[in-house]
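The structure comes first, and the text follows.

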Amino acid sequence: MKIIVYVCAVAVLVAAQITLLPYISVWGVKPDIGLVMVCLVGLLAGELEGLLVGLFVGWAMSLFSAADLAASMVAKGTVGFLAGLAGRQVAQVTPLLMIGGLVVASTLASLMTMWSLKPNDQQDSWWMIRTIVMPQACFDAVVGGLCYWVIWSRVNLDRLVEGREV
């Protein structure tokens with residue numbers, strides 16, 4: 001049953017990322033809701049589900065973008081796995097902790113994508129970091145923090161996390 005839910009969620013997410021988010025971008029930067037979803041799944045369901053959902057989301061999103069297939073899959077899979085490990089080690093995840101984790105995860109994933117694009121010189125690298133990587137990380141953190149805050153205030157997360165295997 002979880003597999004069907006994840007497949008449907010990824011299909012809706014990819015469709016929304018491609019069709020809706022370009023219209024709600026801020027200064028040309030749109031949130032990577034795939035990365036946010038992978039973090040939430042890893043944090044709430046564990047590292048194995050975070051890894052598998054991350055690999056699937058990375059594969060599905062790279063089909064409709066110019067991103068490298070392997071880089072996107074590895075980046076999102078790694079983020080899901082690390083979010084699952086963090087969720088297991090941290091006693092109480094708050095929205096602020098989620099925002100901090102998303103800034104780090106989004107920055108690392110964007111740097112990995114930037115590295116795969118092979119910028120020409122150091123000036124191009126700094127331009128990409130200043131105009132793409134950091135605004136993207138901030139936007140992802142705000143969207144992820146809001147999503148987590150909504151889930152955190154509406155659902156008993158302790159009961160949801162208790163269902164995970166130890």
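Two residues are in contact when heavy atoms of theirs lie within 4.5 Å. The model is predicted.

**Q17 and its surroundings**

Helix α1, residues 2-19, contains Q17. With sequence neighbours within four places left aside, Q17 is in contact with P22, K30, P31, D32, I33, G34 and M61.

**The nonpolar core**

The largest nonpolar core is made up of 32 residues. Those with the most contacts inside this core are L13, M37, V53, V57, M98 and Y148. At least two core residues come from each of α1, α2 (33-45), α3 (47-62), α4 (69-89), α5 (95-117) and α6 (122-154). The largest contribution is that of α2, with 11 residues.

V57 is in contact with V10, L13, G34, M37, V38 and K76, again leaving aside neighbours within four places in sequence. Two of these partners, L13 and M37, are themselves listed with V57 among the residues with the most contacts inside the core.

**Helix α2**

How many of the 13 residues of α2 are buried? The count is 13 of the 13, so α2 is largely enclosed by the rest of the structure. With 13 residues at 1.5 Å a residue, the helix should span 18 Å, and the end C-alpha atoms of α2 are 17 Å apart, which agrees. The residue that follows α2 is G46, which has a positive phi, near 115°.

**G144 in α6**

Helix α6 contains G144. G144 has a relative accessibility of 0% and so counts as buried. Apart from neighbours within four places in sequence, the contacts of G144 are V36, M98 and L102. V74 is 70 residues from G144 in sequence, and the C-alpha atoms of the two are 20 Å apart in space.

**The aromatic pair**

One aromatic pair is found in a search of the whole structure. F56 and W59 form this pair, which is stacked, with 5.9 Å from centre to centre and 25° between the planes. The angle falls under the 30 degrees that a stacked pair requires. F56 and W59 are three residues apart in helix α3, so about one helical turn separates them. An α-helix has 3.6 residues a turn, so residues three or four places apart point the same way.

**Cysteines**

The number of disulfides is zero, with a pair of cysteine sulfur atoms required to lie within 2.5 Å. C8 is in no disulfide, the nearest cysteine sulfur being that of C147, 19 Å away. C147 is likewise in no disulfide, and the nearest cysteine sulfur to C147 belongs to C39, at 11 Å.

| Residue | Relative accessible area | Class |
|---|---|---|
| C8 | 43% | partly exposed |
| C147 | 32% | partly exposed |
| F56 | 32% | partly exposed |
| W59 | 37% | partly exposed |

Definitions and conventions:
Residues are numbered from 1 along each chain as its sequence is written. This is a predicted model: local features need pLDDT of at least 70, side-chain atom pairs count only at pLDDT 80 or more; totals for chains, interfaces and linings use all residues. Side-chain values use heavy atoms; hydrogens and water are left out. Helices (H or I, at least four residues) and strands (E, at least two) are DSSP runs, numbered from the N terminus. Buried means under 20% relative accessible area, exposed over 50%, partly exposed in between (1.4 Å probe, protein chains only). A nonpolar core is a set of buried Ala, Val, Leu, Ile, Met, Phe, Trp, Tyr and Cys residues joined through side-chain atoms within 4.5 Å. Rings of Phe, Tyr and Trp (its six-membered ring) pair if their centres lie within 6.5 Å; planes under 30 degrees apart count as stacked, over 60 as edge-to-face and the rest as tilted. The expected span of a helix is 1.5 Å times one less than its number of residues.
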